[in-house]
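Here is a short briefing for someone meeting this structure for the first time. Keep the view open while you read.

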Protein chains: 2
Amino acid sequence: MAQATERLQRYLEDELGECRDEDVDRRLDELGTLEAALGPAQVDTELDVLAALANETRYTLVRVLVAAGEELCVCELQAVVDVSESGLSHALSALVDAGLVTGRKDGRWKKYQATNRAITLVTVLAGSVTDE
Amino acid sequence: MAQATERLQRYLEDELGECRDEDVDRRLDELGTLEAALGPAQVDTELDVLAALANETRYTLVRVLVAAGEELCVCELQAVVDVSESGLSHALSALVDAGLVTGRKDGRWKKYQATNRAITLVTVLAGSVTDE
DNA sequence: GCTTCAGTTGATTGTCTACTCAATTAATCG
DNA sequence: CGATTAATTGAGTAGACAATCAACTGAAGC
């Protein structure tokens, strides 16, 4: 970090006209505060959610479940994605772990449903991409 | 898909009490419609955005830029993440490609700023994770 | 003009991830 | 009960990804 700090010092000299060591320390502290604004645990959760969504198979499943607005059977979801039965099960399991869908056994069948989190995220994401 | 269709047929028999081939076809069509609700091009864009965010280094950069509310110099961002100078540059480049940040050269320095898309997504994601 | 400096680019490498296959569970049906 | 069915689990593997190193670009400053 020593070298990086030198560069930051030169930058602050450019910006402030003058720059003492204490100015560098203050700026480093400000940057640290920005980074720590959310707790690290929450960031981990957010990254888990993002990782779960950032895959074509899983994102398709979430989108379909959100669009359906009701629970769908695994055997129906099988018709929607292009992976093996096992692959579908792995995908759904990852989505459950990320809190994006919930599963419920119903007799011989298992049904999955999008959570509020999934609905919110898919809606906002679609919106933020539409208005390029 | 032949086998999967058989299972779907049995499922629909369970649900509807009775099920002709045409019922299966109709359900398959409904599912296809759900999947196609958004154009495939838009889905690709959404997946690109998700992939760009789903990485600790890049997500941290976006969060800090959003929290800062102003443009930050590469040399400032260097203090925030734990990768090489080159790794930082690669990360910022990926974020630009995903439309999450913009870059601007200012003399010897290069400054990056969060886009509206990034602000929206980070805000909503943080919110959707807070209310567990 | 040559050097220094800020940042980028491309190639390479080790790690992580998303599948598939095979075996397994749990439930239903005959 | 034994067989079939729906779905899950775990091991293995091919491909994708993130980071680094080294070489490069372009602007600033002496």
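Start with one contact: a side-chain N or O atom of B:Arg10 lies 2.9 Å from a phosphate oxygen of DNA strand D. Bear in mind that the model is predicted.

**DNA strand D**
- The elements giving two or more residues to the surface near DNA strand D are α1 (2-16), α4 (56-68) and α6 (85-97) of chain B, plus α5 (74-77), α6 (85-97) and β3 (109-114) of chain A.
- α6(A) gives the most to this surface, with 4 residues.
- In total, 23 residues surround DNA strand D. The closest are A:Ser89, A:Tyr112, B:Arg58, B:Ser84 and B:Ser86.
- Of the atoms of DNA strand D that come within 4 Å of the protein, 70% belong to sugar and phosphate.
- A:Ser89 has a polar side-chain atom 2.8 Å from a phosphate oxygen of DNA strand D.
- B:Ser86 reaches a base instead: a polar side-chain atom lies 2.5 Å from a base nitrogen of DNA strand D.
- By class, the surface near DNA strand D has 10 polar, 7 charged and 6 nonpolar residues.

**DNA strand C**
- DNA strand C has 24 residues around it. A:Thr57, A:Ser84, A:Ser86, B:Ser86 and B:Tyr112 come nearest.
- Sugar and phosphate make up 72% of the atoms of DNA strand C that come within 4 Å of the protein.
- Phosphate oxygens of DNA strand C lie 3.0 Å from a side-chain N or O atom of A:Arg10, 2.8 Å from a polar side-chain atom of B:Ser89 and 2.5 Å from one of B:Tyr112.
- Two or more residues each come from α1 (2-16), α4 (56-68) and α6 of chain A, and from α5 (74-77), α6 and β3 (109-114) of chain B.
- The largest share of the surface near DNA strand C, 4 residues, is from α6(B).
- This surface divides into 10 polar, 8 charged and 6 nonpolar residues.

**Helix α2 of chain A**
- Helix α2 of chain A (residues 21-36) has 16 residues, so at 1.5 Å a residue it should span 22 Å; its end C-alpha atoms are 23 Å apart, which agrees.
- Buried in α2(A) are A:Asp23, A:Val24, A:Arg27, A:Leu31 and A:Leu34. They sit on the same side of α2(A), because they cover an arc of only 100° around the axis.
- The face turned away from that buried side carries the exposed residues A:Asp21, A:Glu22, A:Asp25, A:Asp29 and A:Ala36.

**Domains of chain A**
- The domain assignment gives domain 1 (2-36) and domain 2 (43-130) of chain A.
- Their C-alpha centres lie 44 Å apart.

Conventions: Residues numbered from 1 in each chain as written. Chains lettered and ligands numbered in written order. Predicted model: local features only at pLDDT ≥ 70, side-chain atom pairs only at ≥ 80, totals over all residues. Heavy atoms only, no water. Near = heavy atom within 4 Å. Polar contact = N/O pair within 3.5 Å; in protein donor to acceptor, adjacent residues only side chain to side chain. Nonpolar A, V, L, I, M, F, W, Y, C, P; charged D, E, K, R; others polar. Expected span 1.5 Å × (residues − 1). Buried < 20%, exposed > 50% of the residue type's maximum accessible area, 1.4 Å probe, protein only. Arc of directions from axis to C-beta. Domains from an automatic or database assignment.
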